[in-house]
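Hi,

Here is the model I said I would pass on.

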Amino acid sequence: MFKSMYKTCEHPDRKIGEAVLNVKGVIVALIIYLLSNSVLLYGMSYLIGWVNGSFGTNFGNVELNVAYQLITIALMILFLGRFYWENLKAFFKEFKAVYIWAPIVCYIMIFVGNIAATMLLSLIRGEMQTSTSNNDTVNALMLQNPIPMIFVAVILAPILEETIFRGALSRSMTSSKNYFVKALGFVIPVFLFALLHVWQYAFLGTDANGAVYLTFNADEFLSIISYIPMGIGFTLCSYLCKNFWGSVACHILNNGIAMAMMILMSMLKLA
């Protein structure tokens with residue numbers, strides 16, 4: 001919608017410049033994301049509860065996730081649509097082998113990193129845990145209503161998360177000529193991406209009456225290690241592709257395989 005929210009960075013190995021969010025675009029993306037994770041999320045939760053009580057419907061967390069992410073992405077497109085479009089045009093117009101091999105190589109790195117992270121966590125905890133609370137929640141919701149959750153996990157979540165952690169944070173910083181800022185462009189998005197997936201389990205608790213309170217669960221916080229390989233892989237893919245949709249492709253590949261494995265394991269349990 002607003003061309004002023006991105007800048008075009010020329011690269012010597014690219015015929016077409018890369019569209020990167022500028023400071024204004026980054027701020028807008030972060031504000032939308034923060035408001036969506038607070039005001040919009042709780043507002044949608046209240047609205048769904050009211051609809052269920054008033055009309056006898058049975059909407060739950062699956063519908064909440066779909067509605068919340070669709071609205072958030074719609075807001076992102078409204079304000080950052082030109083950024084998405086410029087990257088998409090460049091992705092197809094200058095299509096190169098890196099757009100294929102980078103997501104695959106980075107996914108393999110993530111797979112190996114996940115094994116290492118699982119082993120490290122098992123050494124720290126003294127027991128083997130192959131899943132996190134976040135993954136367990138996604139798996140439970142998928143079993144309730146698989147098709148909408150696959151749509152959320154494989155399409156909506158990658159686009160939304162890549163907009164924030166690679167589009168707004170990583171690419172805007174790694175395109176800088178300052179090497180310190182470039183380094184922060186790798187470190188900050190990786191840490192925040194990992195924190196996103198564990199904070200609600202590590203810092204929030206629920207009492208017997210359903211009231212939410214602040215706490216700190218060290219064991220849940222340690223699960224942040226499980227998401228660091230993904231954060232590194234997606235950020236590296238973004239840097240290699242020099243295009244927003246390159247890291248989205250890697251994220252979709254990772255989540256798609258993960259969801260396929262969940263479905264396969266569920267089918268084997270039922271057999």
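Let me start with a helix pair: V62, N65, V66, Y68, Q69, L70, T72, I73, M76, L80, F83 and Y84 of α2 sit against P148, M149, F151, V152, L156, A157, I159, L160, T163, I164 and G167 of α5. Contact here means heavy atoms within 4.5 Å. By class, that contact has 18 nonpolar residues, 5 polar ones and no charged ones. The classes are simple: Ala, Val, Leu, Ile, Met, Phe, Trp, Tyr, Cys and Pro count as nonpolar, Asp, Glu, Lys and Arg as charged, and the others, Gly among them, as polar.

Before going on, some housekeeping. This is a predicted model, with residues numbered from 1 along each chain as its sequence is written. Local features need pLDDT of at least 70 and side-chain atom pairs count only at pLDDT 80 or more, while totals for chains, interfaces and linings use all residues; side-chain values use heavy atoms, with hydrogens and water left out. Helices are DSSP runs (H or I, at least four residues), numbered from the N terminus, and strands are E runs of at least two.

Back to α2 and α5. Their axes come within 10 Å and cross at roughly 40 degrees. The axes are lines fitted to C-alpha atoms, for helices over the stretch in contact, and the angles run from 0 to 180 degrees between N-to-C directions. The two helices are therefore oblique to each other. For the cut-offs, under 35 degrees is roughly parallel, over 145 roughly antiparallel, 65 to 115 roughly perpendicular, and the rest oblique. The crossing of α2 and α5 is left-handed, as it is when the near helix is turned anticlockwise from the far one by less than a right angle (clockwise would be right-handed).

Now for α1. Helix α1 covers residues 23-55 and helix α5 residues 146-174, and their axes come within 10 Å at a crossing angle of roughly 150 degrees. That is why α1 and α5 count as roughly antiparallel. Their crossing is left-handed. On the α1 side the contact uses V26, A29, L30 and Y33, and on the α5 side L160, I164, F165, A168, L169 and S172.

How does α1 pass α2, left-handed or right-handed? The crossing is right-handed. The axes of these two come within 9 Å and cross at roughly 150 degrees, so α1 and α2 are roughly antiparallel too. Residues of α1 in this contact include G25, V28, A29, I32 and Y33, which meet a set in α2 that includes E63, L64, A67 and Y68. Counted by class, there are 16 nonpolar, 5 polar and 1 charged residues.

T163 sits in helix α5. Its relative accessible area is 0%, so T163 is buried (under 20% is buried, over 50% exposed, and partly exposed lies in between, with a 1.4 Å probe and protein chains only). Which side chain does T163 join in a polar contact of 2.7 Å? The partner is Y84. A polar contact is a pair of N or O atoms within 3.5 Å; within protein, one must be able to donate a hydrogen and the other to accept it, and residues adjacent in sequence count only if both atoms are side-chain atoms. Not counting residues up to four places away in sequence, T163 touches M76, L80, Y84, A168 and F244.

N134 is placed in helix α4 (residues 133-144) and is buried, at 14% relative accessibility. The side chain of N134 has a polar contact of 3.5 Å with the side chain of Y227. Beyond its neighbours within four places in sequence, N134 is in contact with H197, Q200, Y201 and Y227.

T57 belongs to the loop between α1 and α2 (61-93), and at 29% relative accessibility T57 is partly exposed. The side chain of T57 makes a polar contact of 2.7 Å with the side chain of N52, and a polar atom of that T57 side chain lies 3.5 Å from the backbone oxygen of V51.

Last one: F191 lies in helix α6 (residues 179-196) and counts as partly exposed, at 44% relative accessibility. F191 and A202 are 11 residues apart in sequence and 15 Å apart in space, C-alpha to C-alpha.

Cheers
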